[in-house]
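Thanks for asking me to look this over. Here are my notes, as numbered points, to read alongside the model.

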Amino acid sequence: MFTGLITHVGKVSKIKASDKNDTYIGIDINWNDDLIIGSSVCCNGVCLTVIDKKLNYFGVELSNETIKRTNFQFMKLNNAINLEKSLKIGDELGGHNVTGHIDGLAKLTKIIQIKSSYELWFKVSEEITKYLAEKGSVALNGISLTINKVENNFFSVNIIQHTWNNTNLPNYQIGSFINLEVDIISRYVSRHIENYIKK
């Protein structure tokens with residue numbers, strides 16, 4: 001479990017694809033205090049397990065399913081990647097409950113600068129839209145954000161200067177795809193309603 005508060009931005013330094021094994025991703029990061037083999041790390045919103053660790057570096061593996069459903073399919077060397085270590089009992093929950101399970105990709109369609117903040121608009125599938133609500137929570141590339149508006153298959157969020165400067169969002173352009181995780185509460189409420197209606 002994570003909070004959606006990005007603590008570090010790493011750099012992809014190694015990508016090793018294989019016909020027999022899962023894809024290996026190496027990430028450079030100045031972050032070695034309590035990161036151990038087997039730790040869970042939220043990487044661009046995806047919960048991944050540390051399988052390799054060196055000074056200022058750790059490695060993870062991506063299954064074909066993870067690559068197919070996330071923007072790791074577009075990942076290249078030297079790309080910046082948002083990082084957050086898993087939540088510990090007693091830690092402050094400053095964002096919202098983020099599981100690290102990606103529901104789909106959001107396509108960036110518009111960037112509007114408003115004073116020192118940025119309003120970002122995204123297009124998503126109808127399947128995802130039903131989970132979105134104005135002033136509800138959403139995680140984009142692992143960042144806990146509040147939804148401003150929902151219009152058909154589009155929604156917007158506001159990015160303050162601190163978040164803009166301390167995440168990888170500035171590296172994305174119009175047409176880029178961002179990992180999206182809906183609020184877990186919205187997901188379960190919607191599921192229960194669907195089952196109730198079917199009865």
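1. Let's begin with the charged cluster: E65, K68 and R69 are linked in a network of salt bridges. A salt bridge here is a side-chain nitrogen of Lys or Arg within 4 Å of a carboxyl oxygen of Asp or Glu.

2. A word on the basis of these notes: this is a predicted model, in which local features need pLDDT of at least 70 and side-chain atom pairs count only at pLDDT 80 or more, while totals for chains, interfaces and linings use all residues. Residues are numbered from 1 along each chain as its sequence is written, and side-chain values use heavy atoms, with hydrogens and water left out.

3. Helices are DSSP runs of H or I with at least four residues, strands are runs of E with at least two, and both are numbered from the N terminus.

4. E65 also forms a salt bridge with R69, and here the closest N and O atoms are 2.3 Å apart. E65 and R69 are four residues apart in helix α1, so they too are separated by about one helical turn.

5. How exposed are these partners? E65 is partly exposed at 37% relative accessibility, K68 counts as exposed at 57%, and R69 is partly exposed at 45%. For these classes, buried means under 20% relative accessible area, exposed over 50%, and partly exposed in between (1.4 Å probe, protein chains only).

6. How many salt bridges does the structure hold? There are three. One of them pairs K130 with E127, with the closest N and O atoms 3.2 Å apart. K130 is partly exposed, with a relative accessible area of 39%, and E127 is partly exposed as well, at 47%.

7. Now to the strands. Six of them close into a barrel, in the order β7-β8-β11-β10-β9-β12, with antiparallel pairing. Neighbouring strands of this sheet are turned by 45° against each other on average, direction ignored. Strand pairing requires that DSSP finds at least two bridges between the two strands, and the angles come from axes fitted as lines to C-alpha atoms.

8. Have a look at β7 and β12 too. Strand β7 (residues 104-114) and strand β12 (residues 177-182) run antiparallel and are joined by four bridges. Along this pairing, L105 stands opposite N179 in β12.

Definitions and conventions:
Axes are lines fitted to C-alpha atoms, for helices over the stretch in contact, and angles run from 0 to 180 degrees between N-to-C directions.
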